[in-house]
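Colleague: I would like to learn how to read strand pairing in a model. Can we work through one together?

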Amino acid sequence: DRLVLDKNNGALLANMGAISVHNRAWDVGEDFCRRALAQGNNAFACSSLAAIHLQRKERVEAYLRAQTSVHLRPDIPDHWMRLAIAAQVNLDWDAAEDAYSKVMNLFQEGSKPHAEAMTCRAIIKMTVGKWAEGLAEYESRLVWKHPFPDSTAPLWDDDESLYGKTVCFCLEQGVGDQIMCLRWVNYLHGVGAKVIMLGHTLIGQLVPMLKENGVTFIAPGNPVPACDWFIPAMSMPYVLGKTYGLKGAVSSIFPYLHPPVVMRDEPRPTNLQVGLCWQGNPEHHNDTYRSMSLKDLQPILDVPGVDFHCLQHGVEEKVAALKAGMTVYNFDGRLDYMAEIVGDLDAAISVDTMPAHLAGAIGTPVWMLLPAAPDFRWGLNGNETPLYPSMRLLRQTTMGDWKFPVEEAAIILSGMVKERSA
């Protein structure tokens, strides 16, 4: 009741807007922010509105609001962080890099906020191709993110031999990222290291599919044995890149996952067997732009001579897939089962999420549908990636518009059908 009575308090209204945005109550937050702005300029209300516009894919409006917020209060780091995100989705990479630099200037060097901003700036640099600078700065994530167990072992540097040493190889970030990092197990074994690997519980199901034996897998929450060296997995491109260059640092023996064959009866089905994934984890920071709706894939679904297999999690997506005539699986808690299915497909088509990494690691042809502002590892140009020889990158030409990459995938798929029937 007091909030209603205090309707002329712009600062209070802006604070309520920020709280609503934090709780993802977008419409409520917008109402509070607009009421705050009716009382006069308010940087916090503008910044919260920028977040709301970003969530709604209103890129230009988000950018304008974020610019206003830093103009009014250039001393607030969160405003610069939001401006950087708005700049990214508007493909203004220089402005994004500059905004993260502004955040760094507001904090003491070596502090966690300073390191977080440096990590974000590193991602921008790698996205635009400044790999040497970006990889070096990306090590700043070790200051603030720290998803690693306490370890007294020193961080490994490429100058030190690993022969006969025990290394704690710590996988990082999401399950897809961790699948990507499994490539370096081959390298570690090749230089004579004994590997203790830490990772998501699901990753443990893939360890038997690695070519190299002898990996000791430790799931979260379990004690970590003593080791000689500690290696954060996402540091491998930086450490190895100093010796082998970027392409050499990410190369591996492909495929590096070898699931058992489960579907391949003889003769093979007449139709192509193709997996589809159109939604990533909704909690991912960029899921608004990296995911799509099943309806966006209609040109692909219209290609004759194809049996489609749903590679999605989530009840809603599975129901939609069933209605579209796809084969649907229960992959809940069964990454090994998904690997077996993906390994027997003729191809997979996916947005930038875990099944795409899984297909690439297995060697199944996979076409990744990318937003115009992609994750840093895919860069801004080109259809190929050194990360996965079997992967083809299909990119948006306009931010938020999936028409071009989807139609391109449909054309490639039609060509495969014709080759199969020839």
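Colleague: How many bridges join strand β5 to strand β7, and in which sense do the strands run?

Modeller: Keep in mind that this is a predicted model. Two strands pair if there are at least two bridges between them. Here β5 (residues 272–277) and β7 (residues 347–351) are joined by four bridges and run parallel. For one partner pair, take C277: its bridge partner in β7 is S350.

Colleague: Now to β2. Which residues does strand β2 span, and why is it largely enclosed?

Modeller: Buried means under 20% relative accessible area. Strand β2 covers residues 194–198, and four of its five residues are buried, so the rest of the structure largely encloses it.

Colleague: How many bridges does β2 share with β1?

Modeller: Five, with β1 (residues 166–170) pairing in the parallel sense. T166 has K194 as its bridge partner in β2.

Colleague: And how many bridges join β2 to β3?

Modeller: Three, and β2 and β3 (residues 216–218) run parallel. Look for I196, which stands opposite T216 in β3.

Terms used
Residues numbered from 1 in each chain as written. Predicted model: local features only at pLDDT ≥ 70, side-chain atom pairs only at ≥ 80, totals over all residues. Heavy atoms only, no water. Helix = DSSP H or I, 4+ residues; strand = E, 2+ residues; numbered from the N terminus. Buried < 20%, exposed > 50% of the residue type's maximum accessible area, 1.4 Å probe, protein only.
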